[in-house]
Amino acid sequence: MFSFVKFKNLTLSAAGLMLAFGASAQATELNAPFMATGGLTSQPIGHYEFCKRMPNECNLTSNQTAPIKLDQATWAKIVQVNIEVNALIQPMTDMEIYGVEEYWTYSTTVGDCEEYVLLKRRELAEAGLPLSSLLITVLRKPDGEGHAVLTVRTDRGDFILDNLTDAVKNWQETDYTYLKRQAANHTGRWVSIETPSNLVVGAVK
């Protein structure tokens, strides 16, 4: 089960957005600002069940898989959506809402980490960002607990939208162990994420 803690919302003024863009863009100067992905791997069970209920969400393919160009307007939209969705959805576990451990769905009221991810992904897609650069991603937090975030693939690196913080960070700026994410060319397929720590941790089945 992917669990979470809801942190207090942050606010960013226009000037703050400029500073955030400049600071996070510097992450591209760090080692490996882009995730290295491996071969096809298993879907998380929650996404598998989601695809059974909503097959049209999971059969979309793309031959255009280059990362998006990250300009100021796109960065501002990414930050805006992360903040707004974090404030919109109130945290509750799937067990509390649905009586099951894993149930991925769209929600604008309550949910756990996957509901935040799905809504952010939809909002950014409706704003014109391609789904090939908006990838649901599964990881482990430092305490070993499973978690899901949205990875936005850009020409300046892979950035993480997380319901645990309003700050949008390059994936290397987080303290997570990344396991797998959606394939850029197919919304129903998943690929492994290659990091040294994964050699020990393994993949979430």
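**Cut-offs behind the labels**

Biologist: How does the reach of α5 compare with the span expected at 1.5 Å a residue?
Modeller: α5 has 14 residues and reaches 20 Å from its first C-alpha to its last. The expected span is 1.5 Å times one less than the number of residues. That gives 20 Å, and α5 comes close to it. Helices here are DSSP runs (H or I, at least four residues), strands likewise (E, at least two), numbered from the N terminus.

Biologist: What kind of model is this?
Modeller: This is a predicted model: local features need pLDDT of at least 70, side-chain atom pairs count only at pLDDT 80 or more, and totals for chains, interfaces and linings use all residues. Residues are numbered from 1 along each chain as its sequence is written, and side-chain values use heavy atoms, with hydrogens and water left out.

Biologist: Why is F50 called buried?
Modeller: Buried means under 20% relative accessible area, exposed over 50%, partly exposed in between (1.4 Å probe, protein chains only). F50 has 1%, so F50 is buried. Y106, at 18%, also counts as buried. Y98 has 34%, so Y98 is partly exposed.

Biologist: How many residues of α5 are buried?
Modeller: 10 of its 14, so α5 is mostly covered. Among them are Y116, L118 and L124.

Biologist: What makes F50 and Y106 an edge-to-face pair?
Modeller: Rings of Phe, Tyr and Trp (its six-membered ring) pair if their centres lie within 6.5 Å; planes under 30 degrees apart are stacked, over 60 edge-to-face, the rest tilted. F50 and Y106 have 6.1 Å between centres and 65° between planes. So they pair, edge-to-face. F50 sits in helix α2, Y106 in the loop between α4 and β3, 56 residues apart.

Biologist: Why is the pair of Y98 and Y103 called tilted?
Modeller: Their centres are 4.5 Å apart, so they pair. Their planes lie at 40°, so the pair is tilted.

Biologist: What makes a nonpolar core, and which residues have the most contacts inside the largest one?
Modeller: A core is a set of buried Ala, Val, Leu, Ile, Met, Phe, Trp, Tyr and Cys residues joined through side-chain atoms within 4.5 Å. The largest has 32 residues, and I78, L124 and V152 have the most contacts inside it. A second, separate core of nine residues includes M35 and V149.

Biologist: How do you know that β4 and β5 pair?
Modeller: Two strands pair if DSSP finds at least two bridges between them. β4 and β5 have seven, so they pair, in the antiparallel sense.
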